Amino acid sequence: MESIMEKPMMDDTAGGGIGRSKSDQLAPSSKSLSRTASAETVRSTPNTTSLSRKSSFWKRSASGGAGAGGNSHGHSHIRKSRSAQLKLDLDDLVSSGAALSRASSASLGFSFTFTGFTPPPHAMSSAELHPFSDDENTMDIEAGTRRKKLATEPTLPIYLKFSEVKYRVTVKGSQREILSGISGSASPGEVLALMGPSGSGKTTLLTILGGRVAGALEGCVSYNDEPFSKSLKRRIGFVTQDDVLFSHLTVRETLTYAALLRLPRTMTTQQKEERAMDVIYELGLEKCQDTMIGGSFVRGVSGGERKRVCIGNEIIINPSLLFLDEPTSGLDSTTALRIVHLLHDIAEDGKTIITTIHQPSSRLFHKFDKLILLGKGSLLYFGKASEAMTHFQSIGCTPLIAMNPAEFLLDLANGNTNDVSVPSDLDDKVHMENQNLQNNNSKNDYKPSAQDVHEYLVDAYENRVAYQEKKKLLAPLPISDDMKATITSSKREWGTSWWQQYSILFCRGIKERRHDYLSWMRITQVIATSVILGLLWWHSDPSTPKGLQDQAGLLFFIAVFWGFFPVFTAIFTFPQERTMLNKERAVDMYKLSAYFLARMTSDLPLDLFLPAIFMVIVYFMAGLKATATHFFFSMLIVFLSIIAAQGLGLAIGATVLDIKKATTLASVTVMTFMLAGGFFVKRVPPFISWLRYLSFNYHTYRLLLKVQYNPVPDILINGIPLDNGLTEVLALAAMIIGYRILAYISLRIAKTSAS
């Protein structure tokens with residue numbers, strides 16, 4: 001028995017691969033195979049299906065021990081211990097009457113069967129049929145379920161080239177250079193990583209390549225040898241570093257709305273929804289698909305899941321170019337590796353992937369095809385990621401201890417030479433520069449500064465690599481002229497029609513904002529206020545002058561309250577959604593007019609629900625005219641006031657686009673309109689009397705008086721005659737339209753200046 005088991009073990013140690021036996025290779029009639037025959041059958045099997053991970057580990061350990069010790073003593077000890085372990089396993093299995101077994105397959109790297117039993121093919125696990133490989137791992141690491149492969153159709157290949165890209169910004173009147181002459185390229189099927197310490201210009205370069213930066217930009221950026229055009233927007237996906245998502249939408253709703261708005265018109269609604277579900281399963285989000293995204297005040301999905309939702313928003317359109325700004329930030333190493341695997345799957349379909357990365361693990365680093373290393377806005381290396389270490393070793397920079405290659409490169413980019421060999425040329429240069437400043441001329445007393453290291457690396461790249469890489473940029477692209485012309489069109493391509501955009505945005509707006517508008521806090525606030533008012537004005541009697549004054553005060557409070565409340569709700573609309581609007585408009589997800597109109601109309605049902613409850617409670621508790629005509633006219637007047645006040649808030653928010661400034665401006669405006677409303681001051685000086693005509697409080701108050709009293713007592717209006725109310729209605733209608741036109745123009749101007 002000892003000799004039988006040692007023979008395959010010796011073959012294993014010698015480097016021969018021992019494969020698992022396929023059950024269909026065993027003869028059906030061999031039901032009484034001996035252990036020796038079974039082992040020999042397995043050992044002689046020519047086709048190796050797979051090796052277990054522990055088998056590979058033991059094989060490496062055995063060969064490593066022989067190399068270290070220089071004799072076979074370690075081999076003999078390992079063989080005896082493992083043979084004894086095998087004998088123990090076999091005795092246990094025979095005594096328990098097992099019909100099928102693999103004897104110590106995790107340690108020996110082979111398996112065999114007893115009594116000729118052959119398991120059906122479908123009963124064999126995937127680990128037995130295929131070798132373990134990260135590249136072929138289709139299991140959801142977090143959920144433990146099989147992921148669905150994202151089906152992507154062929155798309156236009158785009159070759160990205162950029163040469164001598166320079167970018168400057170003005171800070172306090174002086175020019176500051178962010179990028180200084182960056183050159184490189186990325187082809188379909190490649191993943192290009194931008195690495196560098198914080199402040200090195202990674203995000204700026206990514207934004208420039210994505211066509212989202214204009215201004216003081218020098219150099220050339222081409223897409224299939226053509227400049228950037230508007231038609232490219234629908235072929236580019238851009239994942240920002242910040243997770244910009246609607247907090248009250250679920251994961252499935254977020255990706256479904258993105259699919260409905262961004263996918264081409266040739267796809268049906270069902271196909272778009274199926275694409276969204278495919279992305280959910282591909283990213284491993286099926287467990288949280290019905291969970292809200294969440295935010296600062298709303299509990300939702302985890303940070304890693306939020307990041308994957310942002311990536312899903314972009315890969316759902318099957319882009320030709322995909323830009324990602326630190327997609328693995330905040331993720332554990334396993335989930336980050338899965339994200340990079342996903343990027344490789346996308347690149348294999350002919351897509352070009354460019355991503356910034358911040359200190360990746362060693363496994364992540366080796367997954368990148370190309371690498372750009374930046375330091376202080378300068379190019380320290382561009383080329384194959386697998387050749388980066390070779391380049392820096394050739395210039396004398398070698399790690400003195402075992403470390404992650406990414407960590408080594410970032411240390412160099414920061415000018416940190418701890419645990420890194422200092423090149424002799426740099427050491428001599430530093431010594432010559434400092435020997436006149438020090439009494440001790442020993443080289444060991446000098447250490448190169450971060451600036452010295454930076455200059456040395458820049459010069460080394462320029463002298464050794466830059467010329468060859470720039471020469472490659474001049475090579476003709478392997479595509480036809482017709483394919484180049486497809487990206488030169490200046491015409492925008494919208495995924496859906498204007499009406500479809502409006503409908504989708506309307507539904508999304510209702511689902512997103514219903515949680516804020518119909519929150520228990522807001523409902524309690526309105527109901528509590530209406531009950532207090534009803535008790536204070538309980539069955540007021542307008543037949544006496546004092547009762548008439550009290551009731552007029554209630555009507556004015558209603559006009560002020562439902563003028564103040566909508567203004568301070570609406571001013572936050574565009575400042576809060578500014579980032580989301582810029583993000584979605586940058587990829588031509590919808591037209592600004594469709595968004596604006598959907599935003600206005602989706603708010604109306606929510607804005608008018610609480611006022612209706614308020615009026616039902618206050619109107620009858622306060623003893624106002626209890627007829628259907630008077631009640632519904634009063635309700636209509638309040639609705640007009642709310643819509644006009646909302647328009648003012650939208651105009652202020654869209655014009656300022658800053659919450660603090662908008663709040664201050666709205667406070668002053670609402671206070672002015674309230675004081676000019678005609679209740680507190682009845683004799684307004686002529687030079688400022690025109691303010692009351694701009695106040696929606698003034699027109700609302702006069703209309704409420706007209707509905708409740710006919711004719712209106714002179715004591716309430718101080719001799720100012722009231723007509724049939726048409727003038728006030730037209731004034732409110734003009735405010736409703738005018739304020740919204742002002743808000744739309746302000747948004748359009750802000751968008752143009754941002755572009």
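A disulfide is a pair of cysteine sulfur atoms within 2.5 Å. This structure holds zero of them. The model is predicted: local features need pLDDT of at least 70, side-chain atom pairs count only at pLDDT 80 or more, and totals for chains, interfaces and linings use all residues. Residues are numbered from 1 along each chain as its sequence is written, and side-chain values use heavy atoms, with hydrogens and water left out.

Stop 1: Select Cys-220. Its relative accessible area is 45%, so it is partly exposed. Go on to Cys-507, also partly exposed, at 39%. The scale here: buried is under 20% relative accessible area, exposed is over 50%, and partly exposed is in between (1.4 Å probe, protein chains only).

**Stop 2: the open sheet.** Show six strands in the order β5-β6-β7-β3-β8-β9. The pairing is mixed. Strands (E, at least two residues) and helices (H or I, at least four) are DSSP runs, numbered from the N terminus. Two strands pair if DSSP finds at least two bridges between them. At the edges sit β5 (236-239) and β9 (378-384), each pairing on one side only. Neighbouring strands are turned by 10° against each other on average, direction ignored.

Now pick β3 (residues 191-195) and β7 (residues 352-356). They pair in the parallel sense over four bridges. Find Val-191: opposite stands Ile-353 in β7.

**Stop 3: helices across the sheet.** Select α10 (residues 303-315). This helix lies across β5 and β6 (321-325), at about 170° to β5. Then take α16 (residues 450-473), which lies across β8 (370-375) and β9, at about 45° to β9. Axes are lines fitted to C-alpha atoms, for helices over the stretch in contact (heavy atoms within 4.5 Å). Angles run from 0 to 180 degrees between N-to-C directions.

**Stop 4: the cores.** A nonpolar core is a set of buried Ala, Val, Leu, Ile, Met, Phe, Trp, Tyr and Cys residues joined through side-chain atoms within 4.5 Å. The largest has 78 residues. Ile-558, Trp-562, Val-567, Phe-574, Phe-614 and Phe-696 touch the most other members. Apart from it lies another core, of 63 residues, among them Val-251, Met-267, Ile-357 and Cys-397.

Zoom in on Phe-696. Beyond its neighbours within four places in sequence, its contacts include Gly-563, Val-567, Phe-673 and Met-735.

**Stop 5: Gln-646.** Select helix α23 (residues 628-656), where Gln-646 has its place. Is Gln-646 buried or exposed? Buried, because its relative accessibility is 3%. Leaving aside neighbours within four places in sequence, Gln-646 is in contact with Pro-566, Ala-570, Asp-603, Leu-604, Asp-607 and Arg-740.
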